[in-house]
Amino acid sequence: MLPVLNPGSETAKQYTVAFRGIQWGSEAAEGELSHCENLSTAQFPCLSQRPPREAAGAYPQPSALVTKDGLVVIHGTEVVHNGVVVGHVTAGDKQTAVIGDYVVIFPDKAYYNAATGQFGSMEAEIVLPEAVFTDASITAEGTAFPFRTGDAVTVSGCAAAENNKTVILREVEDGTLRFYENTFTAGTERQVTLRRQVPELDFICESNYRLWGTHGSTIYGSRYGDPFNFQVFDGLSGDSYHIDVASEGDFTGCIPYSGHICFFKENTLHKLYGSKPSNFQLITAQVCGVQAGSHRSMCVINETLFYKGVDGVYAYTGGVPEPVSGSFGPRRFSHACAASDNSRYYISMQGEDGWHLLTYDVLRGIWLREDGLHCVDMTRYEGQVYLLAEDGTLWRTAAGQDRSQLHWSVTFCPFSETILNRKGYSRFLLRLELEEGAWLQAELRRNGEQAWETIQTVSGGRARTVSIPVLPARCDSVELRLTGQGGCVLRTLVREFTVGSDV
């Protein structure tokens with residue numbers, strides 16, 4: 001009888017059948033990625049590529065993008081609607097909002113009427129060399145006044161000090177403006193200035209057919225249906241509205257959400273409820289708000305508001321915002337802008353290592369990195385997301401299915417098999433589908449070494465299982481990187497290894 005010898009090692013297999021998103025933290029789960037380029041969750045749990053983008057225009061010096069009966073792009077000093085220049089503004093960063101037929105642009109206080117094509121200033125001013133005041137009118141013969149009935153008009157320059165005030169215009173006639181009785185002291189005035197004023201607003205949004213905005217510590221709301229008037233106080237439900245807040249810091253953005261308006265600071269959220277001045281109510285919460293410079297990251301998807309905060313991306317559903325970017329680990333980003341196709345949240349933001357365009361699958365909670373595209377602004381139009389890049393290119397996502405020229409890559413988080421012993425990997429099995437003309441290259445490195453070792457290149461068309469042999473070598477962990485071009489669907493990854501000693 002001879003003794004039975006126990007073999008020093010046994011072959012084991014580990015399967016990955018669900019490929020998940022990026023993980024930049026320290027705790028990586030099976031199928032998570034340390035890096036990726038141009039991937040999509042469209043065929044989850046399989047690993048596949050995003051559809052290619054298509055250039056939809058070129059706009060030097062881009063600053064803003066908004067949807068209104070097409071695409072409105074602001075670049076340099078030009079305002080372009082569906083490829084046609086409709087107006088001019090000053091150069092620089094812009095805030096835009098859509099209310100009815102109007103696209104309003106700040107800080108220029110300009111408007112564009114998409115229905116009529118009219119472009120102009122939201123403010124109006126006229127200086128009258130001579131004007132006759134009665135208790136209820138101002139008359140300047142032959143004058144065409146740039147005001148409308150219902151405007152709040154500020155009168156200044158009068159010798160009678162009691163005539164310098166802001167009043168509501170009740171009727172406009174040729175050469176005459178009419179107001180309520182006993183409004184003015186009668187007489188003739190010279191060099192009188194009449195002006196319809198719009199406040200300076202740093203951030204704007206539309207809600208319940210009013211234009212809302214913030215400046216300093218004040219929240220402003222326009223008259224109902226009239227973005228040109230912020231000083232109409234007639235005691236009616238459609239009046240203008242403003243309120244001062246005492247919270248610390250500057251406002252960082254505003255957006256309507258589920259029956260109320262959110263006015264954010266970096267560490268504060270002011271929620272404005274109500275439908276008219278008599279029942280407006282402001283509630284303040286000390287929560288993680290929108291990061292300064294990331295106001296364009298706010299986006300509502302299926303009744304959830306997503307936005308970029310100081311420490312990451314948050315989801316707000318009416319209570320306390322919850323972070324959804326735990327997989328970012330210690331990485332920090334800034335200057336974010338975002339949009340959605342109603343299932344994915346696209347966000348472009350700047351990190352310490354450059355710019356990143358990422359997508360967040362709202363249903364599955366998976367983050368993927370597409371590439372390093374630096375976006376100035378984004379919007380959704382006709383079901384597709386449009387990306388206005390810093391270099392002036394306007395990109396349309398999901399523009400086609402031809403991935404033959406699309407480069408992609410995926411680096412899996414280190415495999416350690418949750419075993420403390422040393423391991424010897426013998427081969428990887430990849431169950432994948434490569435489109436005709438596509439190729440894939442597999443690379444490997446052990447124990448976090450600097451250099452990657454190319455172990456196999458695969459090309460061809462039909463679905464098959466690819467066996468990738470690995471030269472035996474003992475290691476504590478191993479990393480696998482796949483790069484390629486063209487369409488590829490990875491369905492299963494199998495790792496074969498032997499377990500050795502703990503030394």
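Two residues are in contact when heavy atoms of theirs lie within 4.5 Å of each other. The model treated here is predicted.

**Exercise 1.** Determine where S207 is placed, whether S207 counts as buried or exposed, and which residues outside its sequence neighbourhood are in contact with S207.

*Solution.* 
Step 1. S207 belongs to strand β21, which covers residues 203-207.
Step 2. A residue is buried when its relative accessible area is under 20%. The relative accessibility of S207 is 14%, and therefore S207 counts as buried.
Step 3. Neighbours within four places in sequence are set aside; S207 is then in contact with W212, P256 and I261.

**Exercise 2.** Describe the largest pocket by its volume, its lining and the elements that contribute to the lining.

*Solution.* 
Step 1. The space in the largest pocket amounts to about 910 Å³.
Step 2. Its lining consists of 29 residues, and those nearest the centre are V66, T96, I255, M298 and T379.
Step 3. Several elements give two or more residues to this lining, among them β21, β25 (251-257) and β33 (333-340).
Step 4. Sorted by class, the lining has 16 nonpolar, eight polar and five charged residues.

**Exercise 3.** Explain why β33 is described as largely enclosed, and identify the strand to which six bridges join β33.

*Solution.* 
Step 1. Of the eight residues of β33, seven are buried, so the strand is largely enclosed by the rest of the structure.
Step 2. Six bridges connect β33 with strand β34 (residues 344-351), and the two strands run antiparallel.
Step 3. Within this pair, S340 stands opposite Y345 in β34.
Step 4. The two strands form a hairpin with three residues between them. In the turn, N342 has a positive phi of about 85 degrees.

**Exercise 4.** State the order of the five strands in the open sheet and name its edge strands.

*Solution.* 
Step 1. The order is β2-β40-β46-β42-β43, with antiparallel pairing.
Step 2. β2 (33-37) and β43 (453-459) each pair on one side only, and these are the edge strands.
Step 3. On average, neighbouring strands of this sheet are turned by 10 degrees against each other, direction ignored.

**Exercise 5.** Find how many cavities of 30 Å³ or more the structure holds, and characterise the largest cavity.

*Solution.* 
Step 1. A search of the whole structure finds one such cavity.
Step 2. The volume of the largest cavity is about 80 Å³.
Step 3. Its lining includes F19, R20, L33, F44, C46 and I366. Two or more lining residues come from each of β3 (39-40) and β36 (366-371).
Step 4. The lining divides into eight nonpolar, three polar and one charged residue.

**Exercise 6.** Give the volume of the second largest pocket and the composition of its lining.

*Solution.* 
Step 1. The second largest pocket has a volume of about 310 Å³.
Step 2. It is lined by 18 residues, of which A28, A29, P414, F415 and S416 lie nearest its centre.
Step 3. The classes in this lining are six nonpolar, seven polar and five charged residues.

Conventions: Residues are numbered from 1 along each chain as its sequence is written. This is a predicted model: local features need pLDDT of at least 70, side-chain atom pairs count only at pLDDT 80 or more; totals for chains, interfaces and linings use all residues. Side-chain values use heavy atoms; hydrogens and water are left out. On a 1 Å grid over the protein atoms alone, a cavity is a set of points where a 1.4 Å probe fits but cannot get out, and a pocket is an open set with protein on both sides within 12 Å along at least five of seven lines; lining residues have an atom within 4 Å of a point. Grid points are joined across faces, edges and corners, and a volume is the space filled by probe spheres set on the points. Helices (H or I, at least four residues) and strands (E, at least two) are DSSP runs, numbered from the N terminus. Ala, Val, Leu, Ile, Met, Phe, Trp, Tyr, Cys and Pro count as nonpolar, Asp, Glu, Lys and Arg as charged, and the others, Gly among them, as polar. Two strands pair if DSSP finds at least two bridges between them. Axes are lines fitted to C-alpha atoms, for helices over the stretch in contact, and angles run from 0 to 180 degrees between N-to-C directions. Buried means under 20% relative accessible area, exposed over 50%, partly exposed in between (1.4 Å probe, protein chains only).
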